[in-house]
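Hi everyone, thanks for coming. I'd like to walk you through one structure today, so let's get it up on the screen.

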Amino acid sequence: MELSSFLIKAKLYGYATGGEGNEIMRVDGGKAFNYQERDFSYSDIYYGFNPVMGQEIVKKQDDVIWVMNYFGETTCEKKDVTDVYEFLKLALQNPVPDLPLRGPEEYIKDNLIYCNSVKGNLNSFVGQEII
């Protein structure tokens, strides 16, 4: 199984379809989504709500093979924060097959627009999302 294929499955199993309320509560106050298939395991651990910060880790057997750190904050006062995160979950359900880091380059629904800009590849990248 390729890393990108596994990431798509793992991410769709996690926040994108589960979101707040379906994660595992950690002793340290964090929240986690975990997924495993064959030799691969995925963990998305995050802290906070707005702002939110977290880390996604993929292991093959016991070796860490991929990590992504993230931070996000909703600053718009015209939209309810919960509505923005619900929209974000919809965007995240449409990952780019070659580079399944977050959502697509653009996703539009009703009066919200999600834009995702990524530079690099699956091994080394930097990205920015704007809603």
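Let's start with helix α1, residues 3-13: its buried residues are Leu3, Ser4, Phe6, Leu7, Ala10 and Lys11. They sit on the same side of α1, because they cover an arc of only 155° around the axis, going by the directions from the helix axis to the C-beta atoms. Buried here means under 20% relative accessible area, with a 1.4 Å probe and protein chains only. Helices (H or I, at least four residues) and strands (E, at least two) are DSSP runs, numbered from the N terminus.

A quick word on the model: it's predicted, so local features need pLDDT of at least 70 and side-chain atom pairs count only at pLDDT 80 or more, while totals for chains, interfaces and linings use all residues. Residues are numbered from 1 along each chain as its sequence is written, and side-chain values use heavy atoms, with hydrogens and water left out.

So what covers the buried residues of α1? The cover includes β2 (31-37), β3 (40-48), β4 (52-60) and β5 (63-72).

Now look at Glu56, in strand β4. Glu56 is buried, with a relative accessible area of 2%. Its side chain makes a polar contact with the side chain of Lys11, at 2.5 Å, and another of 3.0 Å joins the side chains of Glu56 and Tyr42. (A polar contact is a pair of N or O atoms within 3.5 Å; within protein, one must be able to donate a hydrogen and the other to accept it, and residues adjacent in sequence count only if both atoms are side-chain atoms.)

Methods:
Buried < 20%, exposed > 50% of the residue type's maximum accessible area, 1.4 Å probe, protein only. Contact = heavy atoms within 4.5 Å.
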